[in-house]
Amino acid sequence: MADSIAFPVRAEPRAISLSTIPWYLWVSVIGVTSAMIGVHWDISWHRSIGRDTFWTPPHMAIYLCGVIAGIWSAYLILATTFGRLPAVRASSVRMWGFHGPLGAFVTAWGGVAMLVSAPFDDWWHNAYGLDVKILSPPHMVLAAGILAIEIGALMLVLGYMNRAQGDERLRLSWLYLYLGSMIVVVLQILAMEHTSHVQQHSAWFYISVAIAVPTSLIGVAIASDRRWSATIVASVYMLFTASLIWILPLFPAQPKLGPVLNPVSQFIPPDFPLLLIVPAIAIDLLRPRLRASNRWLQAGVLGSVFFVVFLAVQWAFAYFLMTLAAANAFFGTMYRDYANPSDSYEALSMFMPPESNFWALMGIAWLTAIVTSRIGVGWGEWMRTVKR
Amino acid sequence: MMRGALLVAWTAACAYAHVGSPDVFLEGSAGPYPMYVTIRPPSVIPGVAEIEIRCASPDIQAIHVTPTPLTGAAAEFAPTPDALQRSKADAQFFTGTLWMMAPGSWQVRIQADGAKGAGQLSVPVPAVATRAKPMQFALGATLFVMMMVLAVGLVSIVGAGVREGQLEPGMQATTRSKRRARILMGATAALVILILWSGNSWWTAEASDFAGNLYRPLQMTASIVNTSAAPNERLVLTLANPAWSVPRKIDDFLPDHGHLMHLYMIRQPDAARVWHLHPEMTASGVFTLALPPIPAGQYQLYGDVVHRDGLAETMVANLTVPRDLAGTPLGGDDAAGVRGESPDGAHIVWDRDPAPPKARQAGVFKFRLVDRDGAPVQDAELYMGMLGHAAFLKNDGTVFAHVHPSGSVPMAALALANPAAGEDHSMHHMSGLPPEADFPYGFPTPGDYRVIVQMKHGGIIETGIFDAKVD
């Protein structure tokens, strides 16, 4: 049969030894971390120094992720296909004649996407100019590659976690939640152009967050056994992002590109992280009560709760971020990139004015949160059952 | 009062500072260090410009360059300077690259350090996007194949995941999971097609946005009108401002060696007659001039202006003169020339290099003004503050550059970039002038060119029209 597993199989459910976490799980986590540090560092580089080449340290950190992903996914797929890992082969999927864990195929896809994005991005810069924004078609290919590598690593850990028991499962669940938080980080980066603190009283900010966050936060949480999984994911995201505020400005940097509209003497960090921990706690409190409910009902409740709680908390917090009390090394609202003019909203500590159709857009944001929550619920429930 | 226009005809071509000649050539001094600077701006903005500097003396130890906008707040905060590389083969030759991130009027600040201390020179450079680079076939084909691999790969991964992802180790896919996999693969394929379609739409929109950023020169419409004070026909040039991402005006021009516009009127198709005229701005965006005597025919007009921010533009128009015009005698700095003719027998000689000039190679073109016997004229004068003016014109009309002995940079922009150096870099107060003029320039492309040179002596402006074949 074309679709069946075409080699003699030994039925050995739960017989895989997990006494130690395999090296490729660790390196996948290292690779993903490297990419997330690299992307944030690269954005900071563009905001502080401006000029780059392919060989800048942040680019190396990003592409290290691709190299690591390529190595471990190729190893797993080839070793599984050619019989070097019989235990893995028994818990593998088949694609294009190759065998391997599902996560390895997803990661390999991400590695190829990253590879493709490089010449595409290079041509794009030659045709339309050098990097001036995050959202561009070649950057989306790169982002899809990084996201796929993260999801692939998550799937790989998930396959092991869902087959494991006891302490092993507990240990793997930490890796799993860490990788889940890195997915929240990368999606947050994609929304970054719409989520600075001066935009947090605009509807597009809430639409951006509703697109970027619920699927990953709720999906990852639902597939985990842990009571406070969403809270853990949101906490790691916040700690990761906040640590960039605390660390990046310690290093000197000077603009190497004009026009320089604002003198800069150190690396410019990202905005203070969104207070996702609060809606995450609400989601974790509600999840056990909703487990038996219809998926759309779960999505309606979780999406609405996420939207309302996040709106309440972030709206108020944004007021605080506008005050002098937030202009310090902890909250970092005083950092402005070299191209930020003296009459910008950031320089003036003013909110961008709300859209003329603010309430209609907020309605769209709310519905978006429900839809992305529904995707998260479906994805999370599927992930609970992934064993390969 | 104007009465009906005799005729109106105009075209606009891609132009900035000059037409089809984007590279900047300047002979100047960074303090005590004379140097010849060549800057090749990028054709895409943001992009990377190339810079070459040939120093006249060997005592420069280091050269640093900094690109900044010429005016405004960003001119105050310079980015970190970059050191140029000294050639290993030629210690007086330096090269490097510069990043220009925004379109508009820029300058490159050159800082030279050496045995005689430090010196500075700022070179105005227009930063404009002039083209969109097409994708090479090989790259396009490779990316298309990889896109298909990724698209099919994504569908296959979803199929594999749904078919086998939830199976216990060792178990085989069931008929149900296979059917479900096929359904989801179909849905994924539809989603992939939607994503590709959206991506293509996005790309198209970005390309369209970029096309809006491409430089579009000010448009110039030329017409000839009679005035009540006949027989004085007047040339009327009306400017229009086509949409471009950089804000600009049609009446914010700086005087460039005394005139808001320098207009070359060149007879077509032989370029055997040329007028160098200076219309006055009589209303916002309207320049007028009492036309000199002109025979009927087709003429190409090139009008040079410099905006208040230092951005220089060359506007192009065609003019048809339907009949011989009696016109008004030339006066002031206005001049006319006919190929092979001279008002008094004096003429301009081009001291050419034996080898023909090469495209994209910076050089210095040397001319001498001699009397009818071939001896240097003894009464050389400055023409608009300079030893001479030159125009380099490609016969197919794709190149026009108005160049001075200091180079291709307009004097008004140079004065803006180097305020401490005085009002401009011309030579109003010199005496005992040599009857020679050297023009730093490089032809942008191979082909046949006309070189029009004007020099002055004893109150007479001489015009020399030469042919040049560029390899």
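## A hairpin in chain B

Strand β13 (residues 262-268) of chain B pairs with β14(B) in the antiparallel sense over four bridges, where strands are DSSP runs of E of at least two residues and helices are runs of H or I of at least four, numbered from the N terminus, and where two strands pair if DSSP finds at least two bridges between them. This is a predicted model, in which local features need pLDDT of at least 70 and side-chain atom pairs count only at pLDDT 80 or more, while totals for chains, interfaces and linings use all residues. Residues are numbered from 1 along each chain as its sequence is written, and chains are lettered from A and ligands numbered from 1 in the order in which they are written.

The two strands β13(B) and β14(B) form a hairpin with four residues between them, and B:A271 in the turn has a positive phi of about 50°. Within this pairing, B:W275 of β14(B) is the bridge partner of B:M265. β14(B) is also joined by four bridges to strand β19 (residues 335-338) of chain B, again in an antiparallel arrangement, and here B:A335 in β19(B) is the bridge partner of B:H276.

Strand β14 (residues 273-277) of chain B is mostly covered, with five of its five residues buried; a residue is buried if 20 or more other C-beta atoms lie within 10 Å of its own, exposed if 12 or fewer, and partly exposed in between, with C-beta atoms placed from the backbone. B:R273, B:W275 and B:L277 point one way from β14(B), whereas B:V274 and B:H276 point the other way.

## The nonpolar core

The largest nonpolar core has 238 residues, a core being a set of buried Ala, Val, Leu, Ile, Met, Phe, Trp, Tyr and Cys residues joined through C-beta atoms within 7 Å. Its largest share, 16 residues, comes from helix α5 (residues 137-163) of chain A. Among the residues with the most contacts inside this core are A:F105, A:V157 and B:V123. Leaving aside its neighbours within four places in sequence, B:V123 is in contact with residues including B:V24, B:I39, B:I110 and B:A417, where contact requires C-beta atoms, placed from the backbone, to lie within 7 Å.

## Two domains in chain A

The domain assignment of chain A, which is automatic or taken from a database, gives domain 1 (20-190) and domain 2 (194-388). Taken over C-alpha atoms, the centres of these domains are separated by 22 Å, and 29 residues of domain 1 of chain A are in contact with 34 residues of domain 2 of chain A. On the side of domain 1 that touches domain 2, α6(A) gives the most, with twelve residues.

## Where the chains meet

The contact between the chains takes 49 residues from chain A and 46 residues from chain B. On the side of chain A that touches chain B, α4(A) gives the most, with 13 residues. By class, that side of chain A has 32 nonpolar, eight polar and nine charged residues; here Ala, Val, Leu, Ile, Met, Phe, Trp, Tyr, Cys and Pro count as nonpolar, Asp, Glu, Lys and Arg as charged, and the others, Gly among them, as polar.

## Confidence

The predictor gives the complex an ipTM of 0.81 and a pTM of 0.78. The mean pLDDT of chain B, on a scale of the predictor's confidence in each residue from 0 to 100, is 88, and 93% of its residues reach 70 or more. Over residues 1-16 of chain B, however, the pLDDT is below 50.

Definitions and conventions. Two residues are in contact if their C-beta atoms, placed from the backbone, lie within 7 Å.
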